[in-house]
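Dear colleague,

Please find the structure we discussed handed over below, together with its sequence. My notes on what was found in it follow.

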Amino acid sequence: MSLDLAAVRAAFPALASGFVYADNAGGSQALADVVARISDYLLHSNVQLGADYSVSVASTTRVASGADAARELFNAESVDEIAFGSSSTMLVENLARAIEADVKPGDEIIITGEHESNAGPWKRLAARKGAVIKLWPATHLARCLENPYALGLQLAALEPLISAKTRLVAFTACSNILGSVVPVRAVVVAARKLARERGRDPGDKLEFCVDCVAYAPHRRIDVRAWDVEYCYFSFYKVYGPHTSVLYARAQALRHSLSSLAHHFLSPAVDDKPYKLQPGGPGYELVYGCTAVPPYLRALTFGGSGPLEAAWAAVARHEQTLLRPLLAFLRGKRARGVRVVGDESEGMGRVPTVSFVVVGDGPRAVRSPDVVKAFDAKGDIGIRYGHFYAYTLVDGLQPKVDVDDGVVRISLVHYNTVEEVQRIIEVLEDVLA
């Protein structure tokens with residue numbers, strides 16, 4: 001089933017301007033219904049939660065429905081596994097603080113060079129506790145022989161890092177630079193199996209924290225099928241308000257995490273996500289999130305489709321955006337264009353496309369200069385930089401100036417093939 005693009009775009013008032021939003025990995029446009037619900041909350045139910053008077057009861061119910069919207073998007077078992085926060089980075093920092101008492105000196109934590117939100121908190125935790133950090137590097141994709149920047153997180157590079165001491169594997173479900181989808185379930189199964197074979201006691205904890213910030217706008221999250229303890233994404237990149245959400249499996253919430261809440265709230269919050277929220281979230285923002293699942297369900301089957309069907313339709317449409325863009329960039333190889341990540345479209349890739357322009361002397365084009373040409377046009381938004389995947393970009397070989405970083409064009413399901421052609425037209429001028 002294909003998307004009704006006219007209906008899709010009508011749901012986002014910002015798109016009516018004709019501006020091409022191609023920096024969606026930094027933040028998507030918001031649904032009109034999200035804004036309406038935020039406004040309605042503030043105008044009609046803006047009181048403190050938990051009281052017995054009617055408006056507070058209504059407000060409490062509304063905020064609870066926001067947690068249920070997040071539960072649905074995670075495919076979590078219970079709203080009691082859902083914590084909100086102002087950003088994904090803050091949520092993982094809170095998670096690292098909460099797990100600290102359960103991490104021992106010598107425990108090993110595996111991280112990647114992807115977005116620092118799922119690396120920095122664990123590096124700081126390791127420094128505090130005497131744990132060991134291991135890096136799962138992005139490695140060259142054998143199918144892209146002539147492009148040294150064609151990298152991805154591959155299981156073969158993770159396997160040697162797993163040991164009897166592995167306590168946590170923190171990785172991304174989709175790279176915000178490379179655009180590649182990581183097979184989460186396969187990673188989890190392989191890591192658990194290898195840890196057992198290498199002597200890890202079945203009673204010792206091996207947990208997983210999955211960054212879904214760059215994945216959630218494009219694919220269905222399924223924390224239960226993946227068998228992970230922790231997972232997070234940002235609603236403001238999934239057509240919602242500027243808030244983020246963390247899944248913590250009930251068993252991990254009870255047995256791995258200490259409370260960050262006020263001391264007098266224990267034991268009431270010991271098995272609740274509030275233990276990860278030292279202070280409540282923005283109530284109106286949480287309620288605004290309730291608009292996202294109904295919108296997604298409305299994409300298929302005449303407005304009543306399941307989320308699985310919606311995400312499948314999104315993924316199919318996004319491939320129509322990827323094909324011409326990647327084909328154009330591959331065709332500019334002689335000009336010095338190198339895709340950073342997989343050069344080919346396919347369901348293992350989302351339309352987050354990064355590249356650099358290399359060459360001798362004036363043949364090279366700095367990433368800021370490519371973006372400057374778009375800015376001068378005034379009607380297309382793309383961006384350059386390391387996008388907080390500093391370690392990944394800093395490690396590219398041949399070396400790339402990490403401050404210049406890569407040019408990134410990031411599209412989502414409300415973008416059109418016509419918009420991709422407009423982007424290509426500007427790139428033709430830049431690369432002439």
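S56 is part of helix α3, which covers residues 54-74. Please bear in mind from the outset that the model is predicted. S56 counts as buried, because its relative accessible area is 0%, below the cut-off of 20%. A polar atom of the S56 side chain lies 2.8 Å from the backbone oxygen of Q48. Once neighbours within four places in sequence are set aside, the contacts of S56 are V47, Q48, L49, G50 and A51.

**The chain as a whole**

The secondary structure of the chain consists of 15 helices and 15 strands. How does the radius of gyration of the chain stand against that of a compact globule with 432 residues? The radius of gyration is 22 Å, and a compact globule of 432 residues would be near 22 Å, so the two agree. Along the principal axes, the C-alpha atoms occupy a box of roughly 65 × 55 × 35 Å.

Of the 432 residues in the chain, 55% are buried. The chain exposes about 17,100 Å², and 55% of that area is supplied by carbon and sulfur atoms. Where contacts join residues at least 6 apart in sequence, 67% of them are between residues at least 24 apart.

**Helix α5**

Helix α5 covers residues 120-129, and its buried residues are G120, P121, W122, L125 and A126. An α-helix has 3.6 residues a turn, so residues three or four places apart point the same way. What do the buried residues of α5 pack against? Their partners are the helix α4 (88-99) and the strands β3 (108-112), β4 (132-136), β7 (166-172) and β8 (207-211). G130 follows α5 and has a positive phi, near 75 degrees.

**Glutamine 319**

Q319 is located in helix α12, residues 307-331. Is Q319 buried or exposed? Q319 is buried, because its relative accessible area is 4%, under the limit of 20%. The Q319 side chain reaches two backbone atoms: the nitrogen of G346 at 2.8 Å and the oxygen of R349 at 3.2 Å. Apart from neighbours within four places in sequence, Q319 is in contact with R219, E345, G346, M347 and R349.

**Alanine 25**

A25 sits in the loop between β1 (20-21) and α2 (32-44). A25 is classed as buried because its relative accessible area of 17% falls under 20%. Not counting residues up to four places away in sequence, A25 touches K237, T352, R408 and S410. A25 and D360 are 335 residues apart in sequence, and their C-alpha atoms are 31 Å apart in space.

**Backbone features in the loops**

Two cis peptide bonds deserve a mention here.

- S266 and P267 are joined by a cis peptide bond with omega about 5 degrees. P267 lies in the loop between α9 (250-255) and α10 (283-288).
- Q397 and P398 are joined by a cis peptide bond with omega about 0 degrees. P398 lies in the loop between α14 (390-394) and β15 (406-410).

- D227 has a phi near 65 degrees and is placed in the loop between α8 (223-226) and β9 (230-234). D227 counts as partly exposed, because its relative accessibility is 21% and buried residues must be under 20%.
- Y239 has a phi near 75 degrees and is found in the loop between β9 and β10 (244-248). Y239 is buried, with a relative accessible area of 0%.

With kind regards

Definitions and conventions. Residues numbered from 1 in each chain as written. Predicted model: local features only at pLDDT ≥ 70, side-chain atom pairs only at ≥ 80, totals over all residues. Heavy atoms only, no water. Helix = DSSP H or I, 4+ residues; strand = E, 2+ residues; numbered from the N terminus. Rg over C-alpha atoms; globule rule 2.2 N^0.38 Å. Buried < 20%, exposed > 50% of the residue type's maximum accessible area, 1.4 Å probe, protein only. Contact = heavy atoms within 4.5 Å. Areas by Shrake-Rupley, 256 points an atom, 1.4 Å probe, with all protein chains shown as cover. Polar contact = N/O pair within 3.5 Å; in protein donor to acceptor, adjacent residues only side chain to side chain.
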